[in-house]
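User: I'd like to learn how to read a two-chain model, feature by feature. Can we start with what holds the chains together?

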Amino acid sequence: MQQGGVIMDVVDAEQAAIAEEAGAVAVMALERVPADIRAAGGVARMSHPDMIQGILDCTSIPVMAKARIGHEGEARILEAMGVDMVDESEVLTPADPFFHIDKKAYEIPFVCGATELGEAVRRIYEGAAMIRTKGEAGTGNLVAAVTHSRLITQEIKQVQSMSDDLLDETADLIAERFRVLANTSKLPGTHLETPFGPIDDAMRSSLRSILDDVKELGRLPVVTFSAGGIATPADASHMMRMGMDGIFVGSGIFKSDDPPTMADAIVMATAHYNDGAKVAEAMAMTKGDAMKGDELETLEVRLDQRGW
Amino acid sequence: MLRIGLAMLQGARHEHEEALLASATDLKLDVEIVYLRSANDVDDTIDALVLPGGESTAMRKASTSEGLLDGIYSWMEDHVSRPVLGTCAGAILLAMPDGGRSPFIQAGISRNAWGRQRQSFEASVEVDLPLHESSNVRVTRTADEFGHTPLAVAPILNDGEATSFPGVFIRAPRFDSESVNCNVIARFGDEIVGVIDGSKCAVTFHPELTGDRRFHTWLLQQIVNQVPTN
């Protein structure tokens, strides 16, 4: 029940306590915030279970943790540990170039990233209970978050104006992306099996029914948060004004000069996003600098291009 | 025109709004949903109030800067007979108010007492509230000026029993049966999952996420039925 709230990345029990005290609706337990994952380079994997357990033990709000895209081994560990939600996340190095996790097979819910409507629909079809627009994690640069939010909002409106034929065509187009493995094989003939069942009329009709929900609801049928680049209270307010249900803040809090105050201020700006004076007050609370941030053009790795 | 205050702290707020509008349509009542964000918004013109579910820690915190919860509690003390519906975390806020205030429902409650997300569940609960037409009423979905739109509601678990209600329990709080000293109106097996204490109704599940609107209908009917006290 997290709409209207802020989910914060934390790396230890002390940060988790700061997040809970500030009024976060959940914490994301991970060994390094995205900005540090970027700086460290190398392969980013699921955090060590001891680290995640340490945060589970001391936190009364929901605890999320990240598994690599397509990595069932990691996701099953997180499920067994009893985390409240798994983030199948492009912030970690993807494990499977062909398929995401079959999320319907789990007892706990998943959140997945998306940059456009088709990607969101595929994740929902696979069982995601929540979508976050990807943005570009660890940059403190809002432009990718805005890009993905605008595109998805626009595409929802586009779906709302579609005829039955166009909706079918869209469902076909969305299903095509499940054929990466099939298309990789050089052998004659095709084999269209996926972890979610064959690419057939049943899959297309499931995708179509998600599109029908989108058309009827005028939104994604699951809770939709903004992520990837939110660094200030003003950023949080801006994404709420774009119609997002809530906010993920990764590096923005614990890479700022004064994390407890930044955490308080971002919660306040998210709750009062529509009130310029309150957001100004939240901005004024923050002392020192927000995280430094990067121009997207200078990045060696674009995380938002991981997953499909 | 009835004015229904909706605490916009955090949680499933737009879903409550839709449920209230559906119930109002069913009862042929004119209602205005008033978004409550600061103490100033909670004035004498508010006829009834909804405290949505969310994270109670986050809701308490989000309200501190503008004193919203404090304003809501004062309003409840000033207007004892005006109805309030608290769901999930909203039930906690009714049972355990901050600032040394007396509880608004006589029922002890513990946070997250079912366990973590993995122990969350959906189950039919027995409710002692009449079923109303609003289950079938459709209202035009509306987005606020920023495009925030309610999620779809779960289908009604209608197994032909007018007393069964689809209970959605998400990291739900739990009433302590021993300490419940008011009307029990919802049960899940031996567990008490909903109470009414005078004009206040508290449930540990999320009626706004289902198509069965009887709790919202109850809230509106209380306003219509109540004798003005001030």
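Analyst: By the rule used here, two salt bridges cross the interface of chain A and chain B. A salt bridge means a side-chain nitrogen of Lys or Arg within 4 Å of a carboxyl oxygen of Asp or Glu. Before going on, some ground rules: this is a predicted model, where local features need pLDDT of at least 70 and side-chain atom pairs count only at pLDDT 80 or more, while totals for chains, interfaces and linings use all residues. Residues are numbered from 1 along each chain as its sequence is written, chains are lettered from A and ligands numbered from 1 in the order in which they are written, and side-chain values use heavy atoms, with hydrogens and water left out.

User: Which residue of chain A forms a salt bridge with R171(B)?

Analyst: The general idea is that side chains of opposite charge can pair when their charged atoms come close. Here the partner of R171(B) is D84(A), with 2.9 Å between the closest N and O atoms. For polar contacts (a pair of N or O atoms within 3.5 Å; within protein, one able to donate a hydrogen and the other to accept it, with residues adjacent in sequence counting only if both atoms are side-chain atoms), the count between chain A and chain B is 15 residue pairs, both residues at pLDDT 80 or more. On the side of chain A that touches chain B, α1 (13–22), α4 (72–81), α9 (201–217), α10 (233–241) and α12 (259–271) each supply at least two residues. Helices (H or I, at least four residues) and strands (E, at least two) are DSSP runs numbered from the N terminus.

User: How much area is buried between chain A and chain B?

Analyst: The size of an interface is often given as the accessible area lost when the parts come together. Buried area is that loss for two parts, taken with a 1.4 Å probe and summed over both. Between chain A and chain B it is about 3,100 Å², with carbon and sulfur atoms giving 51%. M1(A), Q3(A) and L217(A) supply 22% of what chain A buries against chain B, more than any other three residues. As for contact (heavy atoms within 4.5 Å), 45 residues of chain A touch 35 residues of chain B.

User: And the sheets? What is the strand order in the barrel of chain A?

Analyst: Strands of a sheet pair through backbone hydrogen bonds, either parallel or antiparallel. Two strands count as paired if DSSP finds at least two bridges between them. In chain A, eight strands form a closed barrel, β1-β2-β3-β4-β5-β6-β7-β8, with parallel pairing. Five bridges join β3 (residues 63–68) and β4 (residues 85–89) of chain A, and A65(A) sits opposite V86(A) there.

User: Which strands of the chain B sheet stand at the edges?

Analyst: Chain B has an open sheet of nine strands with mixed pairing, ordered β2-β1-β3-β4-β11-β10-β9-β6-β7. β2 (31–36) and β7 (164–169) of chain B have a single partner strand each, so one side of each lacks a neighbour in the sheet. Strands β6 (residues 121–127) and β9 (residues 183–188) of chain B pair antiparallel over two bridges, and V127(B) has A186(B) as its bridge partner.

User: Where is confidence lowest in chain B?

Analyst: pLDDT is the predictor's confidence in each residue, from 0 to 100. Chain B averages 88, and 92% of its residues score at least 70. Helix α2 (residues 56–64) of chain B is lowest, with a mean of 79, while strand β11 (residues 200–203) of chain B is highest at 97.
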